[in-house]
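Have the model open as you read.

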Amino acid sequence: MINKIMMCICTNLAILLPLSAQSVSGRVLDKQNNPLEGINTVILQAKDSAYIIGGITDATGRFSLPVTTSGKFILQFSSIGYQKHSIPFSLAHEGKKQIGDITLSEDSYLLSGITVTAKKPEMELTSSTTVVNLSSSIMGSQGTLFDALKGLPGVQVREDGTILLNGQTGATVMINGKLTYLTGTSLVGYLQAIPASSIGKIELVSTPSARYDASGKTGLIKIEMSKNTVQGMLVSIHTGYQQLNNYGKGNGGFALQIRKDKLNFSANYGYYQGTDINPTIIFRDHTDYEQATVMPVYLNQLAHRTYDYKHQSFKVGVDYDVSPRLSIGAYSNNSWNKQLRKERMASTFLSTHSKADSTLTTWNRNRLNQSNQQGGMNATYKSRKKLEWSTDFDFQTYNSSNKQAQQSIFRSYTTEEDALADTLSGKLKASIQIYSLQTNVEMPLTDKLQFSAGAKTALVEIDNTTQYENKKSGIWTPDLDMSNRFIYNEDVYAGYSQLQGRIGKATHFEVGLRVEHTRINGKMKEDRSKNNSAFRTRYTQLFPFIQLEYKWEKDYSLALIYGSRIVRPNYQDMNPFVMINDKYLYDQGNVNLKPELSQNLELALVLKKHYRIVLFGTYTQHPISKSYRIDAENRAWVYPLNLSSDYAYGTRLTAVSLHPSEWWTVNSTATCIYKKYAWVTNSEKFYNKVITPMIYCSNQFKLTHGWAAEANGYWNGKTPMGQAMVEPLWSVSIAVSKSLFGNKGSLRLFANDALSSGYTHINLVSTNQEAWYKEKKQPMIGISFSYKFHRGEEIKDSRAKSEIIESKRINLQK
């Protein structure tokens, strides 16, 4: 199948590649006959001055521009400090035009000592999107992409890699049109390795259109690297260090972009290495209230976890402008992650006298090795009639190996039994292959109407195995009850069409429909029974999108937006294997998970491009949530489960680029949301519902002599998350930075969670008996340095962007 796909792509490219035999060349000099380097040279159509192609002169003042058609043209030269010069010429079929030497005269009217630069606003608001021009903001020269995301209105990034958009999880993150494939600390390492100075802009999209994959629930975070708009070289580097108690973290990376005429090359490398700590307290009520005589029994668990990790990533890409209308490109992205998880968990059963009846001490060591290879190629063609066609092929290969070693010692204080020891060993291997082919076309129907359509095919192959052994009498014995193999194949075929345009001068509309057909085949091979249990699923869904927007005056607009989305289960969540934390806590997947289906409706009012008021509502069918049950042996099983429904509605106010003073910039979001989860257990209905207020505020201070500071904070009220309730959380992070080397470098000192609520406290509401756990939050201090260097002349960017959405569902933390 892959060979057929590659053959189709190569055939398409071969058909479209023109042979550019026509060209225009010459040399540009000053009045002293000295060659002029870097002079902008542009060819225009003579009849309408339409842009054909452009470039700059080299060190000898020479230029050579290919032209794919014959006719009458205008050759135009321009540069700061020289008068603009134009030359009309004609070009015959397959002819070559030699212009000869062109002399430019100096401009007699110069603004001495004054430089005027047009700069985009730091943030822009539309009805459904917040655009952050990072290169125009204070954040753009400070720290990493991880730091920059934490300073965006409505975005929260936690140290464990969880990203929340407008207070909710489930946002899709894309970088340069490619979906990020990392989660947890691997995602943190990836974001920490990208300098903020290499980012051009970030878009926060609440309801994506039909053009984008329907995957994702709460919106889209689109990150675009700084466009390679210079002939020459652009380099960004970053390094940093963080300290927490006796544990440290280091990160660094570089981004290199080189453009020479039609060829554009880019390379990125990043690393993230260090140790995380995760002190946790777990409490469960194990009392049997159905007995005639109720004897309270409680379980307290104290866990101290450390995660030693090392993450590396390397990406190279190349783009080539074959002609003014056709560009092709290819990329390769590789990452490696090693993690050593060490845990000591003490489990104590208590009775009415608060004395320990028994204790279980468990030591876990998990060695995780992950590798991820991603690559692809693309082509974009633009016709003279403004039709644009693009096609992309992407692939991804993910492999992981997890070796688990566990030792437990159990001691009873109610009997005279000696301590009992258990030893367990496990090997878990996972292999995931993803192939994606998509094509898109855009074309104007009239001056006010634009049509776009596309198709995509995604193929996923998964093969997971697990093998457990128990040590008895000094001999390792296979545990066949827990050793299995899981094979899973998923094919998704999608297509969409979209129409957008204007009605009159004030009304804009955009309507689209996406259809996705999914075919699933799975097989479970059990070592104990030697049985093979197979399953298959087929379903087709429609995802409509509608946006109606009315604008009046200049800075006011009102929009109604509706969209439908899907969240397919993470591949690892569907893996039925068991992960043993200790004798009383097990994790397991669920092969019977259904995809989430959500309907989103928003009414948005934008005022003066600085304020947005949104009324929103979301209904989700089959939301996926972590569920909890206690078996007859007092073991707690944690597994993903489809709940019945999830309702959410409320209001959200966003304010961006507010300037209480010239040196102070404020961005803020305030949300009030009512959420209600519903599910059924043993024919009994349960609800988890509450009204949650959320406030987020980011402050940037531009001080004198290159100094800057920032203070970001958030407060979230009590928040329902499936079958759990999260107690109120708040945090304040601060940083100060100094620009160096003529604003090309930045030194930054920061303290994340300098002030905070101390703990993440979660209560479980899925059982009739009390259960909760706490994770401690601790401040992290650090220092970072970034530097950006570039030189060259501005050019146009023709890079194509695509996406491989399926990789988001790879959960790299298991």
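This is a predicted model: local features need pLDDT of at least 70, side-chain atom pairs count only at pLDDT 80 or more; totals for chains, interfaces and linings use all residues.

Val511, Ile546, Leu548, Tyr550, Trp552, Leu558, Leu560, Leu601, Leu603 and Leu615 make up a nonpolar surface patch of about 840 Å².

Strand β32 covers residues 596–607, and Glu596 belongs to it. Is Glu596 buried or exposed? Buried, because its relative accessibility is 8%, under the 20% cut-off. A polar atom of the Glu596 side chain lies 2.7 Å from the backbone nitrogen of Ile624. Beyond its neighbours within four places in sequence, Glu596 touches a set of residues including Lys217, Arg565, Ile566, Val567 and His622.

Now over to β15 (residues 220–225), where six of six residues are buried. Leu220, Lys222 and Glu224 point one way, while Ile221, Ile223 and Met225 point the other way. Here's how β15 pairs up:

| Partner of β15 | Sense | Bridges |
|---|---|---|
| β12 (residues 172–175) | parallel | four bridges |
| β14 (residues 199–205) | antiparallel | six bridges |

To find these pairings on screen, look for Thr172 opposite Leu220 of β15, and for Ile199, whose bridge partner in β15 is Met225.

Technical notes
Residues are numbered from 1 along each chain as its sequence is written. Side-chain values use heavy atoms; hydrogens and water are left out. Helices (H or I, at least four residues) and strands (E, at least two) are DSSP runs, numbered from the N terminus. Buried means under 20% relative accessible area, exposed over 50%, partly exposed in between (1.4 Å probe, protein chains only). A polar contact is a pair of N or O atoms within 3.5 Å; within protein, one must be able to donate a hydrogen and the other to accept it, and residues adjacent in sequence count only if both atoms are side-chain atoms. Contact means heavy atoms within 4.5 Å. Patches are made of residues with over 30% relative accessible area and no salt bridge: like charges are joined within 9 Å, nonpolar side chains (Val, Leu, Ile, Met, Phe, Trp, Tyr) within 5 Å. Accessible areas come from the Shrake-Rupley method with a 1.4 Å probe; for residues, only the protein chains shown count as cover. A salt bridge is a side-chain nitrogen of Lys or Arg within 4 Å of a carboxyl oxygen of Asp or Glu. Two strands pair if DSSP finds at least two bridges between them.
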